[in-house]
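I opened this notebook to keep track of what I looked up, entry by entry.

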Amino acid sequence: NRPPFGGDLAVLPEAGTAMTTAFEVRARGWTDDEEDLPLAYGFSYVRRSAGSAAGGAVPLTNLSEPLSDFIKSTDLTVFLPEGTVDLGVAVVDFYGARAEARTVAEVAGPEVFGCEEVAAVLLEADTATGVGSPATSKQLLAAVADAADGLDCAIDDTAFSEVALDLAASAQDAAPPTSANVAQGASTLGRLLGGRAGLTAG
């Protein structure tokens with residue numbers, strides 16, 4: 001049983017801004033022998049470290065941030081964190097034979113990001129969960145935690161932190177308990193609680 005073949009991975013746009021650009025990740029052109037269909041697609045990403053060589057390939061097994069479980073759709077719309085982001089897709093057939101592809105997105109930080117912007121993103125995250133998109137909510141919360149690093153707000157920062165954690169918990173509760181959703185939730189909480197959260201600047 002040969003693995004799926006003939007496809008690639010693309011992201012549109014190839015460059016954008018954290019928390020405002022909705023990136024469409026597209027796994028196109030994949031096929032397999034008819035008896036091995038249907039195919040399923042699992043999307044993931046990792047942000048390159050500052051010392052990574054430009055253009056260096058990141059093994060797909062190291063793309064530790066899942067964007068989805070294995071799904072039938074070839075397209076996925078996501079929000080990505082600031083930085084050079086390696087995106088990957090694993091394509092599996094009915095019998096588990098696997099192929100992989102990668103691409104890269106460049107994600108800039110917002111030009112202006114203060115307490116009002118944090119509040120707007122938290123509201124958007126809350127709305128996403130309310131309309132049945134908890135994964136989008138977690139992506140936004142992870143991105144705001146990164147972007148708010150070192151933010152010096154003039155209002156009650158602790159309240160921001162509490163709201164963000166409550167929203168992350170609500171998004172996790174709203175998501176099916178799959179391995180990808182559990183990993184997404186753990187990653188989001190880790191960013192919000194970690195030293196880079198920036199939501200409790202003093």
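Predicted model: local features only at pLDDT ≥ 70, side-chain atom pairs only at ≥ 80, totals over all residues.

I looked up the largest cavity and found a volume of about 100 Å³, where a volume is the space filled by probe spheres set on grid points joined across faces, edges and corners. A cavity here is a set of points on a 1 Å grid, over the protein atoms alone, where a 1.4 Å probe fits but cannot get out. By this rule I count 1 cavity of 30 Å³ or more.

Residues are numbered from 1 along each chain as its sequence is written, and side-chain values use heavy atoms, with hydrogens and water left out.

Which elements each supply at least two residues of the lining of the largest cavity? I found β5, α2 (134-147) and α4 (179-193), helices being DSSP runs of H or I with at least four residues and strands runs of E with at least two, numbered from the N terminus. Among the lining residues, which have an atom within 4 Å of a point, I listed Tyr45, Glu65, Pro66, Lys138, Gln184 and Arg191.

I then traced an open sheet of 5 strands with mixed pairing, in the order β2-β8-β7-β4-β5; two strands pair if DSSP finds at least two bridges between them. Strands β2 (15-17) and β5 (65-66) stand at the edges with a single partner strand each, so one side of each has no neighbour in the sheet. Strand β4 (residues 40-47) pairs with β5 in the antiparallel sense over 2 bridges, and there Tyr45 stands opposite Glu65. With β7 (residues 83-92), β4 pairs in the antiparallel sense over 8 bridges, and Phe43 has Val89 as its bridge partner.

Which residues of α4 are buried? I found Gln184, Ser187, Thr188 and Arg191 among them. Seen down the axis of α4, the buried residues fall within an arc of 165 degrees, so they line one face of the helix; the arc is that of the directions from the helix axis to the C-beta atoms. On the other side, Ser179, Ala186 and Leu193 are exposed, that is, over 50%.

Definitions and conventions:
1 Å grid on protein atoms, 1.4 Å probe; cavity = no way out; pocket = protein on both sides within 12 Å on 5 of 7 lines; lining within 4 Å. Buried < 20%, exposed > 50% of the residue type's maximum accessible area, 1.4 Å probe, protein only.
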